[in-house]
Amino acid sequence: MVQKYQSPVRIYKYPFELVMAAYEKRFPTCPQIPVFLGSEVLRESRSADGAVHVVERSCRLRVEAPRLLRKIAGVEHVVFVQRNVLNWKERTLLIEAHNETFANRVVVNENCSYTVHPENEEWTCFEQSASLDIRSFFGFESALEKIAMKQYTANVKRGKEVIEHYLNELISQGTSHIPRWTPAPVREEDARSQAGLRDPGSLEVDGPIGAPGPAPEVVVTDGDKLDADYIERCLGHLTPMQESCLIQLRHWLQETHKGKIPKDEHILRFLRARDFHLDKAREMLRLSLSWRKQHQVDFLLQTWRPPALLEEFYAGGWHYQDVDGRPLYILRLGHMDTKGLMKAVGEEALLKHVLSVNEEGQKRCEGNTKQFGRPISSWTCLVDLEGLNMRHLWRPGVKALLRMIEVVEDNYPETLGRLLIVRAPRVFPVLWTLISPFINENTRQKFLIYSGSNYQGPGGLVDYLDKEVIPDFLGGECVCNVPEGGLVPKSLYLTEEEQEHTDQLRQWRETYQSASVLRGAPHEVAVEILEGESVITWDFDILRGDVVFSLYHSKQVPKPGPQEPGARAGGQLTDKGWVLGVDYSRVEAPLVCREGESIQGSHVTRWPGTYLLQWQMHSPPGNVACSIPGVEDVLTALHSPGPKCKLLYYYEVLASEDFRGSMSSLESCTSGFSQLSATTSSSSGQSHSSPLVSR
């Protein structure tokens, strides 16, 4: 994969001619940069009037790498070819360079330019970009990329110091002004030869040519003001107060932070996330930089290689950009088996993959900023929920999702420009109720949610995506290469030993309660509901045997007994004389659950009262129990040997106030979600969808 780097514009507060004199003092050798071993002029030419001077040099750089890597590569230095085109008339120096050593394995290209500042002709601007493509390097591709980034960053910083060193040297020697170029008389034959010279218009680096990497310098015109052109191209509109906050926060980092200083775009995101409250933004950024260092996030894109299983079953990927130039990420969440992925690769691998997506998103924003010539600091995410069902409410999966939301909110603020959710099913409000409290209010305002086919036509995707990039699976003409996901085969799951090693199994077991079901002695949980339109959700795994799951409602309260927090489980919970349809009623049809299955479901309550979740042993056809067993059945089961079923279960009640509040927040989104809201409200007293069986 080609790595591209673009450093900020640098300003030298000296005329172009003086900066050029300082630049030339770096050749043929430069003691101030130890890795630069020397250079040799290969070709040189001048225009007849002396305005254009072209120099091609061969430059040798010492390899700053571990001895083992140098020994394997068989070299102690590398050779770069540098081509400089100095135009005194236009007051520009354009430079391009590429590597000759290992050119068939590694391709390095660097470009830079020295130009006159657009607003002050007595100042000089410096711009730089580079690309690195490691095709193969004896199996050390990742190590080489890290070394290249580190060396490149050091060389760029040192290059700035060297130019300033030679500027000070010139001034101390009495050279503080160099006259500008003026044309000399040109003979006719020289004019003809001059026509053969061309101005290549390619750019290159300040300082000796080394391995590319991000440059930490920023553009400053004076102590408390940023360069206006730099702001317009890279940051966007800033008020004087906002600009001041950015400079103060950057200065604080330069004084206190050990390591690479984040780019202005990154710092600005934290300021925006805290409404430019300097102290709050500083603390948020400090914690994030500590987290990045602890988890080596700066090197994640170079070191993280997703397992093949993730590449096949993780239904997400980048897909062109939206109408505003933001990079577009597509996530087919409804087609993704989050439970299967967690059981196959683990929560930590999923989190690392999500972080790599965010890191790649920031890189793509930088690339689009350069491509479109305007600031692009966030990306758009298109989430397709077709296929979303109760399986996605598997509690360890929901907890993992909440953890990922928290990590992203804390460390990648203001990176989401817009979230387009399409084909939201009726179960979505339950998931939204669970996760929305953990999403920042500013982020929630960027959500646009569509149910059914509301995303088609005016007001839908065409308002945010060009027709040419709307994916084919959403009715567009563009072929989308995002993986389709699908169920992860159980044969690919981690073994219990592997899950125990990562402590994953213990965390999952802490979420659930265990229960045994005997013939004639069901396991029951009573849940008190104080007001209608609350939501009861459940999630259980059948470990052994087959059971029948039912949900009942009663206005009466079962007899008191040993209590679980918020519920009573096990034994006979109701009077023997209770009659189905009179004293209690069934609100969910019986569901036969087979051994090894995982069930998730929910129910929007219609009335207050007691709701009873019941698991009883499955009887052969014709003998399926349809009501609560009597005391004699329970006593018989307890005193008679026989088979028993085992299960792990979890339930949760979403209070009516929380559920209605989440529905209101959905309706307030700029979306076509109102139809889904109305449908959900009118279906109170029924499940959002049939409980899902995971085989």
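Student: Hi! Quick one to start: is cysteine 645 buried or exposed?

Tutor: Cysteine 645 is buried, at a relative accessible area of 3%. Buried here means under 20% relative accessible area, exposed means over 50%, and partly exposed is in between, using a 1.4 Å probe and protein chains only. One caveat before we go on: this is a predicted model, so local features need pLDDT of at least 70 and side-chain atom pairs count only at pLDDT 80 or more, while totals for chains, interfaces and linings use all residues. Residues are numbered from 1 along each chain as its sequence is written, and side-chain values use heavy atoms, with hydrogens and water left out.

Student: Switching to the core. Which residues touch the most other members of the largest nonpolar core?

Tutor: Tyr314 and Leu341, out of 64 residues in that core. A nonpolar core is a set of buried Ala, Val, Leu, Ile, Met, Phe, Trp, Tyr and Cys residues joined through side-chain atoms within 4.5 Å. There is also a second, separate core of 32 residues, with Ala22, Ile95, Leu132 and Leu167 among its members.

Student: What does leucine 341 touch?

Tutor: Leaving out residues up to four places away in sequence, leucine 341 touches Leu309, Leu310, Phe313, Tyr314, Met336, Gly346, Leu350 and Val488. Contact means heavy atoms within 4.5 Å.

Student: What about the sheet: in which order do the five strands run?

Tutor: The order is E10-E11-E12-E13-E14, in an open sheet with mixed pairing. The edges are strand E10 (316-321) and strand E14 (447-451), each of which pairs on one side only. From one strand to the next, the twist averages 20°. As for terms, strands (E, at least two residues) and helices (H or I, at least four residues) are DSSP runs numbered from the N terminus, and two strands pair if DSSP finds at least two bridges between them.

Student: How many bridges join E13 to E14?

Tutor: Four, and strand E13 (residues 416-424) runs parallel to E14. One place to look is alanine 424, whose bridge partner in E14 is serine 451.

Student: Which helix packs on the sheet?

Tutor: Helix H12 (residues 347-372) does, touching E10, strand E11 (327-331) and strand E12 (379-384). The direction of H12 makes about 10° with that of E10. Such axes are lines fitted to C-alpha atoms, for helices over the stretch in contact, and angles run from 0 to 180 degrees between N-to-C directions.

Student: Are tyrosine 23 and phenylalanine 27 buried or exposed?

Tutor: Tyrosine 23 is buried, at 0% relative accessible area, and phenylalanine 27 counts as buried at 13%. A further pair is tyrosine 552 with tyrosine 584: their ring centres are 5.6 Å apart and the planes sit at 75°, so this pair is edge-to-face.

Student: Where do those two tyrosines lie?

Tutor: Tyrosine 552 is in strand E18 (residues 547-554) and tyrosine 584 is in the loop between strand E19 (567-569) and strand E20 (585-593), so the pair ties together parts that are 32 residues apart in sequence. Both tyrosine 552 and tyrosine 584 are buried.

Student: Back to phenylalanine 27. Which aromatic cluster includes it?

Tutor: Phe27 forms one cluster with Tyr23, Phe36, Tyr114 and Phe126. Proline 28 lies in the loop between helix H1 (16-24) and strand E2 (36-46).

Student: Last one: what is phi at aspartate 275?

Tutor: Near 50°, a positive value in a residue other than glycine. Aspartate 275 lies in the loop between helix H7 (264-273) and helix H8 (278-294), and counts as exposed at 62% relative accessibility. In the loop between H7 and H8 you also find phenylalanine 276, with phi near 60°. Phenylalanine 276 is buried, at 11% relative accessible area.

Conventions:
Phe/Tyr/Trp six-rings, centres within 6.5 Å; stacked < 30°, edge-to-face > 60°.
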